Amino acid sequence: MIVFKLERERPAFSVSGESLFYVKDRFLRTFEYSTQKDTQLIPIRRPGSNTLNQGPRTLSYSPTESALLVCSDVDGGSYELYIIPKDSYGRGDTVQDAKRGVGGSAVFVARNRFAVLEKSTNQVLVKNLKNEIVKKSVLPIPTDAIFYAGTGNLLCRSEDRVSIFDLQQRIVLGELQTSFVRYVVWSPDMESVALLSKHSIVIADKKLAHRCTLHETIRVKSGAWDDNGVFIYTTLTHIKYCLPNGDSGIIKTLDVPVYITKIYGSTIFCLERDGKNRPIIIDSTEYVFKLCLLRKRYDQVMSMIKNSELCGQAMIAYLQQKGFPQVALYFVKDERTRFNLALESGNIEKALESAKKIDEKDHWYRLGVEALRQGNAGIVEYAYQKTKNFERLSFHYLITGNLDKLSKMMKIAEVKNDVMGQFHDALYLGDVRERVKILENVGHLPLAYITASVHGLHDVTERLAGELGENIPSLPKGGKKASLLIPPNPVLRAGDWPLLMVSKGIFEGGLDDAGRGGGAAEEDYDEVADADWGEGLDIGDVDSLPNGDIRTVLDGEEDGAHEENDEEGGWDLEDLELPPDSETPKTANSNARSSVFVAPTPGMPVSQIWVQRSSLAAEHAAAGNFDTAMRLLSRQLGIKNFTPLKSQFTDLHMGSQTYLRAFTSAPVLSIAVERGWSEQASPNVRGPPALVFDFSHLDEKLKAGYKATTSGKFSEALRHFSTILHTIPLIVVETRREVDEVKELILVAKEYVLGLQIELKRRELKDNPIRQQELAAYFTHCNLQLPHTRLALLNAMTVCYKAQNLSTAANFARRLLETNPSNESQSKTARQVLQAAEKNMKDATQLNYDFRNPFVVCGATYVPIYRGQKDVICPYCSTHFVPAQQGQICTVCDLSVVGSDASGLLCSPSQVR
């Protein structure tokens, strides 16, 4: 069964300032938002003229001229232009004669101009209020509807895209691929636009640059922008919001579909399907809160948390997803959720507060792991005690150098009959006599004898030897010299890691009083802040052990120590009878931590800052991001073969980092080396990376290449010039003038590489004199320095003269004399060749060389490409090639793909400003 609509349900309306114009029945009506007064203006259709589904589809209003365009699907698309008399409010009952026309769409584009779409010719007709054509423009894309896009601009819609067309300049200002757009809603400042499709919404800026896309499973019906820049829209069943970053949510559920016309604060004005205006009051707290988070207006966020009832799992999940667990912490009442959020945000004191209330082994374990990560030795110790994890606790005392408490751990293990724990603690302490005692007690007399013997405990050895009798184990003699395995004594007993002195964030302190009872968490944190907890070990946790109360074991030892100290006098302070303290001992230095906050979240690595701020391949390579550096070079210069650049990439990365050794037990610190650093520079502003390759170094390479060429060391010279071509893509200069010099250096190096390759190829072909002459001739057409050009001409003249190609040799002699050589022998030889050639101006063999026709030499095949012939070019070094070399690696620079598209060399920040 197929159901058809007999009449369009959406009322046609247009918003202008504080007024809404809409069509209801056969009348045009207006609704004033400020007074909520609804007024009938004029009838727009004659009674009885209704046909099925032929009602008004869109309205367009010009406020200065009080003119209204009513578009409908009559006759395949038509419009009617009405001028609203100022005295017609509520009076008129007769239909005025409207100006009519045929067109797919019609909208006002200026005060007294409107545009009409002529689909048959894909043109837009600009008309005045007399319905006269003023201008015609052909549209840039096949268009089936037009919308207003600012004064003089149209938004043109096709099946799969929209574009903004400037009617005056006849240019496209922006284009965007999108699904079929049904409605277009501009923000009040015309800076943003929402493109509404059947099941999606696309948000873009005024140039149609895409911002976000939102997909809906239920049909999107209408939308409008609120004062905060949030897009509010309706579906068949809900009012929803869309933030600038694409986050969305439900505001209200609808009983019947409505069409949003205007939003004032928390009031949404809508039209129902029967044409009634309906104000809807909404609670905008949720999306305003998210918008403040998005725009980092944290003062407003804090105010809303204190004064609003923002709660729910959805809000908590949103805050976690967006990286604000410290904010979500203040919404949560459930202690388990608070504990998880506190760990995620690194808020160790809040986590401790929740862990004490939950008091479960798993939560204490997780708290200990996080405290260990933050270096808070006190809370680590406390967590291990609460979980009775004595193995971890013993190792914790070992690595922090707290040997006194480690000794007590050994006594606890003895009381618990934990032989392995007791033995491990003895190993940690280096207490050999205790190890021998343990081995003896458990019946391992041979092991006890060996241990005592190798450690020099002769009295114990003799006693055990008597007990063993004839079963005394024998010890190996000779061999390597034995070394004593005793743990080193701690030089410094470790406590909490030092924390940065930072001011509390806006969500800390100010929000602590907003629902969690003030400073309870801070007190908890102070209680466990210091790893040095005096003499107490919180032995109460082992009171229930089967071997009785451990306190007697430790207190007796401590009492003995006090008696020894009493002999020296002291302060004679009497003990106070105070109530028992909490399980967590107070820290001895609470004032020292009064201004200490948790360690800040890790900042962005310097290498990542370099990558985000730069489009220069050299700086990406220096940051160690070789992948993006290669992509940039591929896009800018068409480079595909990165093998010659491997060493340069490595040198750049290593040269932009230096390494500092801290303590023996600490890892090596990697320090980024910045270009142009000075003591006056702000420590919070990162400069670009220091680069090992400098333009001045290339100048030295160039001079070395020139010198090797003059000396005839062509292989060495070729290596120098190739190095220049391989280094330039990773050079950074500062000024535009230096950019021009770099580009000029590419051409110079390219000419020498090509010429030297030709000459080296010529020297390989000793059995092919014709090809030798051709290559010598081509070498003279490379753009070299004048002394090198003279040498090339002299060489070509000599080769051709010996082969009896006198005409060609005479040409080289003339060119040599035209350079006015300073070397008299060169001039003399050239004149002699000319004299000899004038007697017989002929060539003995035919060469593929015509000096009269300008040409360039192919960099791969070394054949001339004469003017007018097709060729392809290397996008980096600009070497010419025959078309057959398309897609091959350039043989001159050995980097780029011949004939590939590239944007050009980018080697300076001044090129991207």
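# Notebook: sheets, rings and a buried strand

I started at L155, and its bridge partner in β15 turned out to be I164. The labels need a word: helices (H or I, at least four residues) and strands (E, at least two) are DSSP runs, numbered from the N terminus. I am working with a predicted model, where local features need pLDDT of at least 70 and side-chain atom pairs count only at pLDDT 80 or more, while totals for chains, interfaces and linings use all residues. Residues are numbered from 1 along each chain as its sequence is written, and side-chain values use heavy atoms, with hydrogens and water left out.

Back to the strands. β14 (residues 153-157) and β15 (residues 161-166) pair in the antiparallel sense, over five bridges; two strands count as paired if DSSP finds at least two bridges between them. I then looked for the sheet around them, and found an open one of four strands, in the order β13-β14-β15-β16, with antiparallel pairing. Its edges are β13 (145-148) and β16 (171-177), each of which pairs on one side only. Neighbouring strands here are turned by 25° against each other on average, direction ignored. That angle uses axes that are lines fitted to C-alpha atoms, for helices over the stretch in contact, and angles run from 0 to 180 degrees between N-to-C directions.

I stepped back for the totals. I get 27 helices and 33 strands. Of the 913 residues, 47% count as buried; buried means under 20% relative accessible area, exposed over 50%, and partly exposed in between (1.4 Å probe, protein chains only). The accessible surface comes to about 47,800 Å², and 50% of that belongs to carbon and sulfur atoms. These areas come from the Shrake-Rupley method with a 1.4 Å probe, and for residues only the protein chains shown count as cover. I also checked contacts (heavy atoms within 4.5 Å). Among those between residues at least 6 apart in sequence, 50% join residues at least 24 apart.

The confidence score is pLDDT, given by the predictor for each residue from 0 to 100. Its mean over the protein is 82, and 83% of the residues reach 70 or more.

A search of the whole structure turned up 23 aromatic pairs. Rings of Phe, Tyr and Trp (its six-membered ring) pair if their centres lie within 6.5 Å; planes under 30 degrees apart count as stacked, over 60 as edge-to-face and the rest as tilted. I picked F31 and F269, a tilted pair at 6.1 Å centre to centre with 55° between the planes. F31 sits in β3 (residues 27-32) and F269 in β26 (residues 267-272), so the pair ties together parts 238 residues apart in sequence. F31 is buried at 5% relative accessible area, and F269 is buried at 4%.

Y33 is in the loop between β3 and β4 (37-43) and Y264 is in β25 (residues 258-264), 231 residues apart. Y33 is buried, with 4% relative accessible area, whereas Y264 is partly exposed at 28%. I also logged one aromatic cluster, formed by Y778, F812, Y849, F851, F855 and Y866.

**Entry 5, strand β22.** Is β22 enclosed or open? Five of the five residues of β22 (residues 231-235) are buried, so the strand is largely enclosed by the rest of the structure. F231, Y233 and T235 point one way, and I232 and T234 the other.

On one pairing, β21 (residues 220-225) runs antiparallel to β22 over five bridges, with W225 partnered by F231. Their hairpin has five residues between the strands, and among these I found G229 with a positive phi near 85°. β22 also runs antiparallel to β23 (residues 238-242), joined by four bridges. There I232 stands opposite Y241, and this hairpin has two residues between the strands.

I finished on T235, which is buried at 0% relative accessibility. Leaving aside neighbours within four places in sequence, T235 touches E216, I218, R219, V220, K221 and L254.
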